[in-house]
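Subject: The structure you asked about

Hi,

Here is the structure I promised to send over. Have a look at it first, and then read on for what turned up.

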Amino acid sequence: MATPDESPAAKRWLPLEANPEVMNQFLWGLGLPVDEAECCDVYGLDDELLAMVPQPVLAVLFLFPITSQTEEERRQQENEKRDISSKVYFLKQTVGNACGTIGLLHAVGNVTSEIKLQEDSFLDRFYKSTASMDPLERAVFLEKDREMEVAHSVAATAGETEASDNVDTHFICFACVDGQLYELDGRKSGPISHGASSPSSLLQDAAKVIKGMIEKNPNSLNFNVIALTKKVGGAF
């Protein structure tokens with residue numbers, strides 16, 4: 001989704017569909033080995049449905065509609081003081097409709113110690129190149145990266161729905177870093193901590209936060225949850 005204060009000349013991409021198959025092909029093509037990790041649907045937030053999600057879960061992606069309620073909450077969070085682990089990988093969003101790709105970059109970027117990327121692949125080079133950058137510098141680096149723009153475009157047109165840049169939904173990512181559950185949203189000024197978590201409880205902890213967001217927008221139906229899971233037998 002486009003940032004609300006972006007300039008009329010700001011770069012815009014086609015939105016990425018909330019489709020695990022599309023996301024997998026996208027990530028695998030960028031250097032996430034097929035036998036390391038994959039995206040899969042989370043069909044519901046009840047315990048029995050969460051139990052169906054393959055383990056271990058590395059990150060959780062959440063697609064939700066942007067409403068007056070979510071915008072007001074985002075503005076309030078901008079003024080909150082944050083105690084954020086220096087290990088959190090975060091980048092701002094400066095490209096319209098790039099939230100799906102940024103969500104995936106947040107998902108993989110915070111578990112690079114748990115998965116082995118293909119050496120000298122796009123993702124390997126991207127994280128190494130941006131490791132010492134601040135969130136806005138990372139955003140500018142992404143915005144200028146032609147290889148990522150082309151890869152995103154291919155993925156955005158591979159979904160089942162007709163691609164359009166006129167959308168009112170937004171992707172964010174939840175990841176566990178240093179024992180904390182972090183909400184990673186490129187439209188916000190930094191990560192948001194939602195309290196204690198662990199790799200084994202990440203999915204359940206993220207589900208609680210997501211339930212709260214859904215309850216605040218009872219008239220909206222356009223929600224989607226996708227988990228990035230580690231494949232059993234993949235390299236640690």
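Which residue in E4 is the bridge partner of Cys 176? The partner is Leu 181. Before going further, please keep in mind that this is a predicted model.

Let me stay with the strands for a moment. E3 (residues 169-177) pairs with E4 in the antiparallel sense, over five bridges. Two residues lie between the strands of this hairpin, and Asp 178 takes a positive phi near 55° there. E4 (residues 180-184) also pairs with E5 (residues 192-196), again in the antiparallel sense, over three bridges. Opposite Glu 183 you will find Ile 192 in E5. E4 is mostly covered, with four of its five residues buried.

How many disulfides does the structure hold? The number is zero. Take Cys 39: the closest cysteine sulfur to its own is that of Cys 40, and because the two are 7.6 Å apart, they are too far for a bond. A disulfide would need the sulfur atoms within 2.5 Å. Cys 39 is buried, at 4% relative accessible area, and Cys 176 is buried too, at 16%.

Next, the nonpolar cores. The largest has 47 residues, and the members that touch the most others are Leu 123 and Leu 228. Leaving aside neighbours within four places in sequence, Leu 123 is in contact with Leu 27, Leu 30, Gly 31, Leu 32, Leu 105 and Leu 117. Apart from this core lies another one, of 23 residues, which includes Cys 40, Leu 45, Phe 62 and the Cys 176 we started with.

Finally, helix H7 (residues 146-156) is worth a look. Its buried residues are Met 148, Glu 149, Ala 151, His 152, Ala 155 and Ala 156. Seen down the helix axis, they fall within an arc of 165°, so they line one face of H7. On the face turned away from the buried side sit the exposed residues Arg 146 and Val 154. At the N-terminal end, Asp 145 caps H7, with a side-chain oxygen 3.1 Å from the backbone nitrogen of Glu 147.

Best wishes

Methods
Residues are numbered from 1 along each chain as its sequence is written. This is a predicted model: local features need pLDDT of at least 70, side-chain atom pairs count only at pLDDT 80 or more; totals for chains, interfaces and linings use all residues. Side-chain values use heavy atoms; hydrogens and water are left out. A nonpolar core is a set of buried Ala, Val, Leu, Ile, Met, Phe, Trp, Tyr and Cys residues joined through side-chain atoms within 4.5 Å. Buried means under 20% relative accessible area, exposed over 50%, partly exposed in between (1.4 Å probe, protein chains only). Contact means heavy atoms within 4.5 Å. The arc is that of the directions from the helix axis to the C-beta atoms. A polar contact is a pair of N or O atoms within 3.5 Å; within protein, one must be able to donate a hydrogen and the other to accept it, and residues adjacent in sequence count only if both atoms are side-chain atoms. Two strands pair if DSSP finds at least two bridges between them.
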